[in-house]
Every structure is written in C-alpha cells, then in structure tokens.
Amino acid sequence: MEEAAEAKEPVDLGIAGMSLIESLREMWRLRSSQSDEWGTIVNYLQSSLADQVLENLTPGQCSNLRSVLEDHLVPSADTGSIESAIDLLEDSDFQPLKPLMDLGKNC
Amino acid sequence: MPKGTAVFLDTSILIASLVHPPRTKKRIKARLKAYDFACSGTVVRAEMKRRLFKDAIYLHKLVSKCATIQEVNRRLEALPHQQFRRFRTCLQIVHTIDETDDDRDRLDRARLFLEDLLRRGMDRIERRCHFLTDSACAIGKDRVRENPAGFDAGPRNCSRMGARCGIVRFLEKNRGLLAGIREYLGELEPGRAPGRKSDELASAERFIAHFMENPSSIQRKDPCLTAGDLLIALESQHIPDFYTMNGRESQHLCRVLKQRLIVRPNNPDKEEVECDRGAATWPEF
C-alpha cells in the first residue's frame with residue numbers, strides 16, 4: 001500500500017487496500033480465539049477504514065496502518081498496544097473511535 | 001503538583017479529548033503544548049462519570065445482554081422520552097462497520113468500543129492531566145469498577161457518600177471566595193441572552209446562599225450534582241488559565257477568579273476565543 005500511495009497509483013492502492021480489508025475481516029472472525037485487546041485493535045483498524053476512499057490514502061496513512069499491523073496487532077497486545085494504535089491512527093486522520101463520538105455529543 | 005505554566009481543563013475538554021473527532025483532539029493537544037502541564041479536579045472526574053461513563057455503562061449493559069439490534073431498540077424505546085432521544089443518538093455505536101457484519105458482530109464491536117472507554121478512558125486522561133484533590137470529592141476519587149456483572153460507576157450523589165465526602169470542608173475553606181462570587185452573581189441580570197445569568201448560575205447563587213446559612217445541611221443538597229460549575233471553578237482557583245468548550249457559566253466565574261478564559265468551539269475549524277485577565281470587556285457567551 002505504501003509503495004502504491006507513494007507512486008500515486010490509485011488502482012494499485014485500491015487493490016492493496018481491499019486486500020487489507022479482507023484480511024481484517026478474517027482476523028475479526030478469529031477474535032474469539034484472541035484477547036479482547038487484540039480484538040479491540042482489529043475493531044479500531046476496521047473502524048478507521050470503514051468510510052475511507054482507499055484510492056485516496058496517503059503514504060503517511062499507509063505507513064501508520066503498517067505500524068499498527070506490524071508492531072501492535074500482536075497476540076500479546078496489551079493496553080500499551082491499544083494506546084499506540086489509537087495514537088497512530090488518529091495522527092493520520094483516521095477516526096478509529098468514530099462510533100463513540102455520538103456519546104460525547106450528549107455530554 | 002508539577003511546576004511551571006498550567007491550564008485547568010474542565011469536563012467538556014476532558015470528554016472532548018476522549019471521544020471527539022481527531023481534529024478537535026488535535027486542536028486541544030496543540031493548545032496544551034503551550035503549557036508545562038495540564039490539570040483538572042476531582043469534581044470534574046465526578047462529572048465525567050455522571051455524564052459520559054454512566055451512559056457508556058448503560059449502553060454496555062444493553063449490547064452485552066441483547067442478542068439482536070432489534071432488542072436493543074426495543075429496550076431503548078421503553079425509556080422515558082428524553083432519555084430515549086439521548087440514547088438513540090448513540091446508536092452509531094451499533095452501526096455496521098464491515099459490510100458482512102451481522103447483529104452479533106455489531107453488538108460485539110460496540111461492546112469492545114465501550115469496554116475500551118470504560119477500562120482505559122480515565123487512564124488515557126490521567127497520562128496527560130494532573131488531578132488536583134483539594135475538593136476531596138469522594139465520587140470523583142472512585143474509579144469506574146469492573147465486576148462480573150459489568151461496570152459500576154458507583155454512587156452519583158454526595159449525600160450518599162457520608163464522611164468520605166470532603167466537599168463541605170472545601171466549601172468552608174473557600175467561604176470568602178464564595179461570598180465574592182455570590183456578590184458578583186447577585187449583580188448579574190438573569191436571562192438566556194449571552195452574558196446573562198443562566199439558570200445554572202442562578203442555581204449556584206442559591207446554593208451559596210443555602211451554604212452560608214446552613215453549612216451543615218449542604219451535603220444533603222448533593223453539591224457536585226447541583227452546583228458542579230461552581231465547585232469546578234473553586235477547584236481551578238489557583239490555576240491562571242481555564243480551558244472549556246462552554247463559556248456560558250465560565251465567563252462569569254473566571255472573571256471573579258481573575259483567570260484567563262479560553263473557549264474551544266465545537267467546530268474544530270473555528271479558532272478558540274481567548275479572554276485575557278486584563279481586558280476591560282470579554283466576548284459574551
């Protein structure tokens with residue numbers, strides 16, 4: 001994805017992005033065999049990509065997605081992994097916590 | 001307490017730093033960078049529990065117990081009208097994230113979102129914010145607890161905290177300041193227009209009057225619940241800058257406390273309004 005984003009190849013980027021979405025879908029189906037922390041990170045990644053036009057992702061966004069996948073979505077994921085995942089996703093303008101935002105509007 | 005320049009964050013800012021869009025969070029982070037440290041108070045924590053975590057606990061119970069989205073909707077429809085409307089707006093939490101999601105997936109996703117907020121939300125804030133404990137608010141000191149039945153925010157009323165609640169002693173210590181606030185509020189014109197005395201400020205004024213006359217019975221009035229803005233102002237008194245998303249009450253309380261007021265609009269594209277201590281007039285909220 002990063003290569004496609006850097007090369008400004010939207011078709012390649014879209015194809016790579018759809019593969020990622022499919023992989024995350026498979027991971028989500030495996031959540032019961034993993035920890036809640038791991039499931040939470042998968043959920044945040046899926047939530048981040050839910051409303052994205054994959055073809056428009058920037059190299060920075062792709063790089064941060066890779067960091068979350070490689071460094072934090074690990075079987076030993078813990079609270080620190082979740083915090084880092086949220087920071088990386090939000091730093092690149094994804095909205096992993098979007099479903100919680102209406103809760104904030106009521107306050 | 002840390003040393004250096006400080007800003008006090010009220011409930012609206014702490015909630016926004018947890019569950020508002022990333023652009024708002026970035027604006028808040030950028031503002032906080034100008035200070036050596038950010039702080040808040042235990043009454044603010046109590047308000048967060050009442051306003052954010054209590055709703056999250058209710059929704060968590062719903063999505064954990066219900067087998068279908070339809071059942072969630074049915075339960076919400078059984079609530080009194082005002083609460084029904086409030087929770088209906090939260091149902092984005094069970095919206096489809098992946099197109100192959102079924103009800104079980106959607107409920108499970110909502111459960112994970114809420115559990116993360118309830119287990120780690122307060123820690124997330126404490127990493128960036130120092131909490132002042134002068135008010136000794138017992139409700140604010142207690143954390144949201146997790147037990148086999150789910151999450152529990154604890155009592156919401158000061159009157160149920162007995163001797164653990166330190167608010168009366170805190171009010172006694174600040175009697176002089178309260179008299180000054182009462183005098184200022186007494187001169188304000190009541191009304192809904194910007195700059196006027198809001199219902200909340202009128203309630204704070206009555207609260208001070210009651211305290212001055214019957215300090216021993218004030219705990220039964222549930223101070224944190226009925227005079228939150230006033231108590232939060234007292235908690236912030238030694239911090240020169242006050243940061244909020246709601247200038248309506250703070251514009252007056254900060255004036256009395258000689259603080260600089262910074263108001264963050266809801267729209268992250270809008271600039272913050274800064275009201276300096278020395279300025280003769282402030283914008284009205």
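## Strand β1 of chain B

In this predicted model, strand β1 (residues 6-9) of chain B sends Ala6(B) and Phe8(B) one way and Val7(B) and Leu9(B) the other, and all are buried (under 20% relative accessible area, with exposed over 50% and partly exposed in between; 1.4 Å probe, protein chains only). Strands here are DSSP runs of E with at least two residues, helices are runs of H or I with at least four, and both are numbered from the N terminus.

β1(B) runs parallel to strand β2 (residues 37-41) of chain B, joined by three bridges; pairing asks for at least two DSSP bridges between two strands. Ala6(B) has Phe37(B) as its bridge partner in β2(B). Three bridges also join β1(B) to strand β6 (residues 241-244) of chain B, again parallel, and there Leu9(B) is partnered by Tyr243(B).

## Positive phi in two loops

Asp222(B) is not a glycine, yet its phi is positive at about 50 degrees. Asp222(B) lies in the loop between α10 (199-213) and α11 (223-226) of chain B, and its 9% relative accessibility makes it buried.

Lys258(B), also not a glycine, has a positive phi near 55 degrees. You will find Lys258(B) in the loop between α13 (247-257) and β7 (260-263) of chain B; at 62% relative accessibility it counts as exposed.

## Notes on the numbers

Residues are numbered from 1 along each chain as written, and chains are lettered from A and ligands numbered from 1 in the order written. Local features need pLDDT of at least 70 and side-chain atom pairs 80 or more, while totals for chains, interfaces and linings use all residues; side-chain values use heavy atoms, leaving out hydrogens and water.
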